[in-house]
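Visitor: Please take me through the aromatic rings, one step at a time. I am new here.

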Amino acid sequence: MIVTDQYFEVGGRRWPTSELAGLRTVRGPFDPLTVRAVAASGVSLLAVFAALSFGNGLHALGPAAYVVMGAAAFVPMLLGVVGNRARPRVFELWGDYRGMSVRLFVSDSERQYGQVSRALVRAQEVARLGGVSAPVSSINPYAM
């Protein structure tokens with residue numbers, strides 16, 4: 001990946017920095033395993049509540065039934081939380097290039113995504129200024 005004031009290159013694709021506009025962040029979809037775990041948790045909770053409402057009540061159940069109901073309700077929920085941590089949603093950087101929306105960059109690391117998107121914004125600012133050989137703070141106004 002290369003970010004300069006002339007171009008932005010990722011994975012063999014190159015876009016001129018000055019022709020990119022409308023940069024925006026999009027979050028990718030949730031991991032399918034996480035979605036299934038959350039759905040299974042909801043279904044198992046509904047099944048537990050349905051079984052309790054049509055049965056003889058909680059006083060007729062033994063201790064093993066409480067353990068099974070708790071596991072049926074909270075193990076899929078725990079899998080969903082762990083899955084969301086282990087496989088986070090990706091960050092996508094999209095922009096407009098010659099009238100089309102294109103996906104410029106994808107990362108599952110929020111830190112890496114932030115670094116790349118900030119570098120691209122700075123490169124666009126430098127390109128708009130016509131290029132700067134040194135940071136503005138390093139220019140000595142009294143030098144002749």
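Guide: Start with a term: a residue is buried when its relative accessible area is under 20%, exposed when over 50%, and partly exposed in between, using a 1.4 Å probe and protein chains only. The model is predicted: local features need pLDDT of at least 70, side-chain atom pairs count only at pLDDT 80 or more, and totals for chains, interfaces and linings use all residues. Residues are numbered from 1 along each chain as its sequence is written, and side-chain values use heavy atoms, with hydrogens and water left out.

Now the rings. Phenylalanine 105 and tyrosine 113 are both buried. Phenylalanine 91 is buried too.

Rings of Phe, Tyr and Trp (its six-membered ring) pair if their centres lie within 6.5 Å; planes under 30 degrees apart are stacked, over 60 edge-to-face, the rest tilted. The structure holds 3 aromatic pairs. One of them joins phenylalanine 91 to tyrosine 113. This pair is stacked, at 5.4 Å centre to centre with 25° between the planes. Phenylalanine 91 sits in strand S5 and tyrosine 113 in helix H3 (residues 110-128), so the pair ties together parts 22 residues apart in sequence. Helices (H or I, at least four residues) and strands (E, at least two) are DSSP runs, numbered from the N terminus.

Tyrosine 113 also pairs with phenylalanine 105. Their ring centres are 6.5 Å apart and their planes lie at 20°, so this pair is stacked.
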